[in-house]
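Biologist: I am new to this structure. Please pick a single part, look at it closely, and walk me through what it touches.

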Amino acid sequence: MGDRLSLYQPGLSSPVSHRMFEPRQCREPLLEWYQRSRRELPWRGTSDPWHILLSEVMLQQTRVVAVVPYYLRFIERFPTPQALADSPEQELLALWSGLGYYARARNLRRAAQSIVQLGAFPESFEQIKELAGVGDYTAAAVASIAFGLPHAVLDGNVVRVLSRLTAECGDARSSSVRAKLKQIADEMLDLDRPGDFNQALMELGATICLPRQPQCLLCPLQDHCAGRAQGTQGELPVKPNKREPIKLALELLLVEKDGRVLMRQRGEHEPQLAGFWELPESRLIPGARRMARLGEFRHSITRNDYSVEVWQAELMRAPKGFRWITLEQLLELPLATTARKALSLAGRPVADGVG
Ligand code: SF4
């Protein structure tokens, strides 16, 4: 792959091979396809910037099907930035529980507080980007979808589609290739409908130009695609040296007494999941007596791939730092995803969640 040249070279107006990729010619077929084939999702059709921000933040690193029920619950409970800014953090975390990457929830709350202070949702790309947790991608998505501003998005789906359309053979994680793809995305962007165009390109990546098996015969851009012309689309984008996941083992204990479960709330200053409730790890309560193995599940956080064993155990007194939690309280508290999975495995009630 390394010595192959990209077919698309910014600034050249003629094709480098028999198949031409011309950014502007992709607009019409892509938008027509989007109009016809897009999935009906609850955040489509709204131009409320707060609702769009919520959906975009939830969609970061989380699949669409998992986000839909959370989004619906959120806009019902927090229809405005003011509603979220006024809410207790525990309520926010409980609603977010199971969606993962909890820094997103805390940043959303800080963003809501800033919007309340400003008196209105900011209306420029630069101002939107100043909100907590908002980077280039989210600011471009909100600016284009809510306010019709000409900012192209570049997320994982768009990187994949553009790498294939241009037969880009450089490392897609490198800043030089990303800058090149951003330039192409800017050139492609339909200035009359930037929000629809951005969503169309992301939708193409999510439903047709799939990571493993691109559905080229169904693709509205098949006649514009240099990767398909070369037959290299399946090898693109190039991502060398993908790091192996780290395999880790974890043992959780389900200790119950008088219908209550032994749990611990993570402290404010713990690096991850501060404020969430979790089951005890066996290494933290060596005095517990194991009774029965309840099962095992997998749990991944970034590169860490945990194999989690769950044991039923006995213990007379709650050790320091732990509390007995009733089954009713379990439904209200923000639970760490491992606790949610372990309790579900043991048939204990937990609030709806994907984790
Ligand atoms: S033709 Fe195939 S590889 Fe090219 S953009 Fe369409 S789905 Fe992706």
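**Helix α2 and its neighbours**

Modeller: Helix α2 passes helix α3 in a right-handed crossing (the near helix is turned clockwise from the far one by less than a right angle). This is a predicted model, where local features need pLDDT of at least 70, side-chain atom pairs count only at pLDDT 80 or more, and totals for chains, interfaces and linings use all residues. Residues are numbered from 1 along each chain as its sequence is written.

Start with α3. It covers residues 64-77. Helices here are DSSP runs of H or I with at least four residues, strands are E runs of at least two, and numbering starts at the N terminus. α2 and α3 pack at about 145 degrees, with axes 10 Å apart. Axes are lines fitted to C-alpha atoms over the stretch in contact, and angles run from 0 to 180 degrees between N-to-C directions. From α2 come His51, Leu54, Ser55, Met58 and Leu59. They meet Val64, Val67, Tyr70, Tyr71, Phe74 and Ile75 of α3 (contact: C-beta atoms, placed from the backbone, within 7 Å). This contact holds nine nonpolar residues, two polar ones and no charged ones. Nonpolar means Ala, Val, Leu, Ile, Met, Phe, Trp, Tyr, Cys and Pro; charged means Asp, Glu, Lys and Arg; the others, Gly among them, are polar.

Now turn to the second partner. α2, residues 49-59, also packs with α8, residues 136-147. The angle is about 145 degrees, and the axes lie 10 Å apart. The crossing of α2 past α8 is right-handed. On the α2 side, Pro49, Ile52, Leu53, Glu56 and Val57 take part. On the α8 side, the residues are Thr138, Ala141, Val142, Ile145 and Ala146. By class, eight residues of this contact are nonpolar, one is polar and one is charged.

β5 (residues 304-314) pairs with β1 (residues 246-257) in the parallel sense, over ten bridges (a pair needs at least two DSSP bridges). One of the partners in β5 is Asp305, bridged to Lys247. β5 also pairs with β4 (residues 289-301), in the antiparallel sense, over eleven bridges. Among these bridges, Ala292 partners Gln312 in β5. β4 and β5 form a hairpin with two residues between the strands, where Thr302 takes a positive phi near 45 degrees.

Methods:
Two residues are in contact if their C-beta atoms, placed from the backbone, lie within 7 Å.
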